[in-house]
Amino acid sequence: MSDGLPSFRHHPDPVATGSIRATADRCVCCGRGKGWLHTATFSTEHDVDGPFCPWCIAGGSAVCGP
């Protein structure tokens, strides 16, 4: 796992699997460009228009929505 990224108990190395990638894009939840975004598919009851950063996913704020 890359240094500084949050850890995920059920996905120990999301960088190696390509679920998280390095990018300059911004997270749709927090609006920050921290250098990493989630790229894998996921299901949610909310309409999501863009990627989440791993910190919003790990912290639980990735459930942004109406």
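Reader: How much accessible surface does the chain have, and what share of it belongs to carbon and sulfur atoms?

Author: Accessible areas come from the Shrake-Rupley method with a 1.4 Å probe, and for residues only the protein chains shown count as cover. Here the accessible surface comes to about 4400 Å², with 49% belonging to carbon and sulfur atoms. This is a predicted model: local features need pLDDT of at least 70, side-chain atom pairs count only at pLDDT 80 or more, and totals for chains, interfaces and linings use all residues. Residues are numbered from 1 along each chain as its sequence is written, and side-chain values use heavy atoms, leaving out hydrogens and water.

Reader: Which pattern does the chain follow along the sequence?

Author: Helices (H or I, at least four residues) and strands (E, at least two) are DSSP runs, numbered from the N terminus. This chain has 2 helices and 2 strands, in the pattern α-β-β-α.

Reader: Is S19 buried or exposed?

Author: Buried means under 20% relative accessible area, exposed over 50%, and partly exposed in between (1.4 Å probe, protein chains only). S19 is buried, because its relative accessible area is 11%. S19 sits in the loop between α1 (14–17) and β1 (20–22).

Reader: With which residues is S19 in contact, leaving aside its neighbours within four places in sequence?

Author: Contact means heavy atoms within 4.5 Å. On that basis S19 touches H11, P14, L37, H38, T39 and A40.

Reader: Where is F42, and is it buried or partly exposed?

Author: F42 lies in the loop between β2 (36–38) and α2 (54–59). F42 counts as partly exposed because its relative accessible area is 40%.
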